[in-house]
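Visitor: I have a structure to look at and some questions about it. Please take me through it step by step.

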Amino acid sequence: MLRIRRANDRGHFNHGWLDTYHTFSFGDYHDPEQMGFRVLRVINEDRVAPGQGFGMHGHRDMEIVTLVLEGELEHRDSLGSGEVLRPGELQRMTAGTVIRHSEFNPSADEQVHLYQIWLLPERAGLPPSYEQRAFGESEKDHLNLVASRDGRDGSLTIYQDARIFLATLGPGSEIRHEISDGRHAWLQVLRGDLEVNGMPLATSDAASASDEAELVIRSAPGAELMLFDLP
């Protein structure tokens, strides 16, 4: 069964310095029908104004994955990590027993456009850790693994039985993803338009899949997507 989550149905707040959309209940947005999907707890699409950002704040017992689509995001944390996240790179932070961090747009004139994803960890009390990796030019018309429980194929290591893929589809392309028995999937459209199992999705739309054996993803004009394979 596929369930569609349209971009315009998400929680939306524009704070001036931050224009944010919440797929699931988060902060001041609460919808008892949208509390997450499987181990996915947060999918926020943020646009942060130049010179603005999130001051130092803490997290606990969460796997946090950040993807920048446009611009740059400067990260600093209580582990001593300090890096700038750019398009083509992915960041994973295990909050565990507690980590404090800040996220800031260092540009004087360009906004940063990003997705931040939270997944529930496999267990509480993990040691906090941080990892960032550049994936460069990913193979087109292919699901490129960027995060997994065992860090296979150079992917980031997330402490949950989940896999995260990125894909760029050219015009008229088709890719397929088999969903094993008992598994589930979430497809997030980053840019462009596509169809998943015949259902049309546009930029920032999403679809969840349960009791589906396969996802068939087609794009006429071209698209970019993020796919989660979940327990």
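Visitor: What percentage of the 231 residues of the protein count as buried?

Guide: This is a predicted model, in which local features need pLDDT of at least 70, side-chain atom pairs count only at pLDDT 80 or more, and totals for chains, interfaces and linings use all residues. Residues are numbered from 1 along each chain as its sequence is written, and side-chain values use heavy atoms, with hydrogens and water left out. Buried means under 20% relative accessible area, exposed over 50%, and partly exposed in between (1.4 Å probe, protein chains only). Of the 231 residues, the share that counts as buried is 52%.

Visitor: How many helices and strands does the protein have?

Guide: Both are DSSP runs numbered from the N terminus: helices are H or I with at least four residues, and strands are E with at least two. By that count the protein has zero helices and 22 strands.

Visitor: Which strands stand at the edges of the open sheet of seven strands?

Guide: Two strands pair if DSSP finds at least two bridges between them. The order in this sheet is S1-S20-S17-S22-S15-S13-S14, with mixed pairing. Each edge strand has a single partner strand, so one side of it is left without a neighbour in the sheet; the two are S1 (2-5) and S14 (156-157).

Visitor: Which residue in S22 is the bridge partner of Leu 169?

Guide: Strand S15 (residues 163-169) and strand S22 (residues 223-230) pair in the antiparallel sense over seven bridges. In S22, Leu 169 has as its bridge partner Ala 223.

Visitor: Which residue in S10 is the bridge partner of His 75?

Guide: Strand S10 (residues 99-104) pairs with strand S5 (residues 53-59) in the antiparallel sense over five bridges, and His 59 stands opposite Ile 99 there. S10 also runs antiparallel to strand S7 (residues 73-77), joined to it by four bridges. The partner of His 75 in S10 is Glu 103.

Visitor: Is Arg 183 buried or exposed?

Guide: Arg 183 is found in the loop between strand S16 (173-178) and strand S17 (184-192). Contact means heavy atoms within 4.5 Å; leaving aside neighbours within four places in sequence, Arg 183 is in contact with Asp 161, Ala 162, Asp 229, Leu 230 and Pro 231. Its relative accessibility is 15%, so Arg 183 counts as buried.

Visitor: What share of the contacts with a separation of 6 or more comes from residues 24 or more positions apart?

Guide: Separation here is counted in positions. For residues 24 or more positions apart, the share is 69%.
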